[in-house]
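Good morning, and thank you for making time for this presentation. Please keep the sequence and the structure in view while I speak.

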Amino acid sequence: MKFKIDKIDGNARACTIQTAHSVIQTPVFMPVGTVGAVKGLDAVDMSEILEAKIILANTYHMYLRPGADVVKKFGGLHGFTKFPNSFLTDSGGFQAFSLSDISKPDEYGIKFRSHIDGSKHYFTPKSVIDTQHKLGSDIMMILDDLVALPATKKRVDESIKRTIKWAKEALEYHKFKQNEGTGINQNLFGIIQGGTDFDMRKICAQSLCEMEFDGLAIGGLSVGESNEEMYETVENVMPFIDKNRPRYLMGVGTPEDLVENVYRGVDMFDCVMPTRNARNGTLFTTFGKFNIKRAEFIHDDEPIDKACDCYTCKRYSKGYLSHLFRAKELTFYRLASLHNLHYYLNLMKEIREAILNSKFDEFRREFYLKREI
């Protein structure tokens with residue numbers, strides 16, 4: 001992986017990441033393809049219509065179904081899904097933590113039951129790397145010990161100690177496998193934990209920065225804390241994260257969250273929000289969000305967003321989309337998802353352009369002003 005900082009404006013950064021499969025310009029939002037597909041969309045939608053350069057697939061879900069060996073047989077995620085650009089795979093630790101009734105971390109990994117059939121499984125720092133090697137993703141995430149917030153200081157301390165220990169194991173194992181010829185073009189990111197505790201985040205960030213990770217992520221946020229606590233935590237930990245590597249904030253979030261965390265120095269984001277909200281009828285626009293099920297849209301012949309040039313807005317009216325939603329027509333999910341993802345991806349392009357022109361502060365002010373109209 002090649003990484004280059006193109007411009008810094010305040011703390012906001014415009015960077016370029018090059019993997020074996022694509023050139024990614026940051027700030028970047030990564031659509032979430034949990035089971036190897038962004039819900040309602042296919043590889044053509046993602047690569048040709050939305051022009052996404054990287055999407056996220058979920059290690060936990062792909063491990064359980066269809067299984068990493070099946071994906072490997074098809075040529076990894078790229079051959080299986082036919083998406084030609086980059087994949088990032090998370091470690092699966094969050095899903096093992098959140099989807100299992102008996103998820104339990106110990107010193108060596110995470111025990112959990114499958115949400116599909118109740119079968120027992122055990123993720124370790126090494127097993128998660130093995131799975132991701134088979135998936136063939138461009139960026140792999142380490143197994144970390146996630147803590148729901150609020151949490152006791154004792155539990156957060158335990159979490160960062162485990163995360164640092166597992167990070168060393170994962171990195172050493174990945175390097176060992178690369179020397180054997182496996183995962184040559186795959187990159188590994190560390191994950192900084194520590195809840196909202198300043199000292200814990202600092203310790204974890206400094207420890208991981210001493211290791212040879214290709215990038216660094218901030219995990220364990222957007223799990224129960226307020227927006228203000230999230231922003232403060234990101235701002236506090238940034239000085240301890242190596243500026244010469246990509247910075248990824250996991251699982252975040254709203255358009256406002258993206259703008260605020262770019263402002264604080266984050267390069268990469270992912271979240272299910274644009275597609276999940278689309279399926280529920282909530283659409284994001286330049287001027288805020290609205291739900292298409294409101295009666296006022298039944299006779300509305302305007303597009304979702306007059307300032308948007310997405311596939312959906314160039315072709316269809318709010319009235320038609322309102323009809324599709326009320327009729328529970330599956331076409332609605334595709335058209336709404338295309339719009340919401342276009343909005344997110346285009347927001348990132350506009351932010352990047354503002355940073356390159358040293359106008360990010362101006363962009364940020366106008367972003368909020370438009371939402372007040």
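**The pocket, the sheet and its helices**

Among the elements, α5 contributes the most to the lining of the largest pocket, giving 5 residues. Before I continue, please note that this is a predicted model.

Let us stay with that pocket. The largest pocket holds about 760 Å³ of space. Its lining consists of 34 residues, and those nearest the centre are Phe94, Gln95, Gly251, Asp270 and Val272. Two or more residues of the lining come from each of β6 (54-58), α5 (93-99) and α11 (273-279). By class, the lining of the largest pocket comprises 14 nonpolar, 14 polar and 6 charged residues.

I turn now to the sheet. In what order do the strands of the open sheet lie? The order is β4-β15-β14-β13-β12-β11-β7-β6-β5, which makes 9 strands with parallel pairing. At the edges are β4 (28-30) and β5 (32-33), each of which pairs on one side only. As a detail of this sheet, strand β14 (residues 247-249) and strand β15 (residues 268-270) run parallel and are joined by 2 bridges. Leu249 has Phe269 in β15 as its bridge partner.

Helix α6, residues 125-135, touches β7 (86-90), β11 (139-141) and β12 (187-192), and the direction of α6 makes about 160° with that of β11. Helix α8, residues 198-209, also packs on the sheet, touching β12 and β13 (215-218); the direction of α8 makes about 160° with that of β12.

Helix α8 has a further partner in helix α7. The axes of α7 (residues 153-179) and α8 come within 10 Å and cross at roughly 5°. Angles under 35 degrees count as roughly parallel, so α7 is roughly parallel to α8. Which residues meet in this contact? From α7 there are Lys153, Val156, Asp157, Ile160, Thr163, Ile164 and Ala167, and they meet Met200, Ile203, Cys204, Ser207 and Leu208 of α8. The residues of this contact divide into 8 nonpolar, 2 polar and 2 charged.

Of the residues lining the largest cavity, 2 are nonpolar and 5 are polar, with no charged residues.

Thank you for your attention.

Terms used
Residues numbered from 1 in each chain as written. Predicted model: local features only at pLDDT ≥ 70, side-chain atom pairs only at ≥ 80, totals over all residues. Heavy atoms only, no water. Pairing = 2+ DSSP bridges. Helix = DSSP H or I, 4+ residues; strand = E, 2+ residues; numbered from the N terminus. Contact = heavy atoms within 4.5 Å. Axes fitted to C-alpha atoms, helices over the stretch in contact; angles between N-to-C directions. Parallel < 35°, antiparallel > 145°, perpendicular 65-115°, else oblique. Nonpolar A, V, L, I, M, F, W, Y, C, P; charged D, E, K, R; others polar. 1 Å grid on protein atoms, 1.4 Å probe; cavity = no way out; pocket = protein on both sides within 12 Å on 5 of 7 lines; lining within 4 Å. Points joined across faces, edges and corners; volume = space filled by probe spheres on them.
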